[in-house]
Amino acid sequence: MRKSWFITFEGPDGSGKTTVSTMVYERLLRDGFDVILTREPGGIDIAEQIRKVILDPANTAMDDRTEALLYAASRRQHLVEKVFPALKDGKIVLCDRFLDSSLAYQGAGRGLGMDEVLKINQFAIDQCMPDKTLYLDLDAETGLNRIQSRSFKDRLDQESIDFHYRVVNGYKEIVERFKERMIVIDASQCAEKVAEDAYQKILEMIQ
Ligand code: TMP
């Protein structure tokens, strides 16, 4: 059995990543695995501070490249403070969003280009790519409908439906481009079924 694993959860807004990754994390813990659950942007104090700046609906003046750089900066700090040490200790690291979110949201959604966004992120991640990525596959409309009832909508949630279409198309391109890393899960199912599918895929991987 391999010692450490870096597993990321990706998907459009409303795809249920946070609920599903929490359910999977709790089950892995109960099964006795040495596992942590973290998130991007955030997961540690400095990155949570950057998250607030990026997602504050008042920051309408934020330039697209500034946004991409802030995500990359929070990613770097989170890796250094939390992910690298956990991987070094042989843990399973589950991360709610990572690099693919920047490729889909800033690369495709903002139109900065995936290759450009990948380039600035290479400086941040220093070759640390996930072992596997669970992609929670859901169309943009269903995702946005699911988040309508949220009392607080952040700056990205408030983007147009066209932006969210571009994000989902970006994810489709990522699934093709990184076939060997991506595991696609049907996120139109109930959260329990999505979590069960995700859990089984992770077990296959780590055992
Ligand atoms: P969350 O709602 O999944 O916590 O993520 C916050 C928002 O940030 C979500 O709309 C996706 C967006 N995001 C990016 O645009 N680029 C990134 O690199 C990451 C990690 C998140």
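Me: Where is Asp186 in the fold?
Reply: Asp186 sits in strand β5, which covers residues 182–186. Strands here are DSSP runs of E with at least two residues, helices are runs of H or I with at least four residues, and both are numbered from the N terminus. This is a predicted model, where local features need pLDDT of at least 70, side-chain atom pairs count only at pLDDT 80 or more, and totals for chains, interfaces and linings use all residues. Residues are numbered from 1 along each chain as its sequence is written, and side-chain values use heavy atoms, with hydrogens and water left out.

Me: Okay, and is Asp186 buried, partly exposed or exposed?
Reply: Asp186 is partly exposed, because its relative accessibility is 40%. Buried means under 20% relative accessible area, exposed means over 50%, and partly exposed is in between, using a 1.4 Å probe and protein chains only.

Me: Which residues form the negative surface patch with Asp186?
Reply: Asp137, Asp139 and Glu141 form that patch together with Asp186. A patch takes residues with over 30% relative accessible area and no salt bridge, joining like charges within 9 Å and nonpolar side chains (Val, Leu, Ile, Met, Phe, Trp, Tyr) within 5 Å. Asp and Glu count as negative, Lys and Arg as positive, while His and the chain ends are not counted. The charge is placed at CG of Asp, CD of Glu, NZ of Lys or CZ of Arg. The areas come from the Shrake-Rupley method with a 1.4 Å probe, and for residues only the protein chains shown count as cover.

Me: Switching to salt bridges, how many are there?
Reply: The count is 16 salt bridges, each being a side-chain nitrogen of Lys or Arg within 4 Å of a carboxyl oxygen of Asp or Glu.

Me: Nice. What does Glu40 pair with?
Reply: Glu40 pairs with Arg75, and their closest N and O atoms are 2.8 Å apart. That bridge links distant parts of the chain, with Glu40 in the loop between β2 (35–39) and α2 (45–55) and Arg75 in helix α3 (residues 64–88), 35 residues apart. Glu40 and Arg75 are both buried.

Me: What about Asp115, which partner does that one have?
Reply: Asp115 forms a salt bridge with Arg177, again with 2.8 Å between the closest N and O atoms. Here too distant parts of the chain are linked: Asp115 is in helix α5 (residues 114–125) and Arg177 in helix α7 (residues 161–177), 62 residues apart. Asp115 is partly exposed because its relative accessibility is 48%, and Arg177 is partly exposed at 38%.

Me: And what does Asp157 meet in a salt bridge?
Reply: Asp157 meets Arg150, at 3.9 Å from N to O. Asp157 is buried at 7% relative accessibility, whereas Arg150 is partly exposed, with 41%. Elsewhere, salt bridges that share partners join Asp64, Glu67, Arg110, Arg155 and Glu159 into one network.

Me: Last topic, cysteines. How many disulfides are there?
Reply: The count is 0 disulfides, a disulfide being a pair of cysteine sulfur atoms within 2.5 Å.
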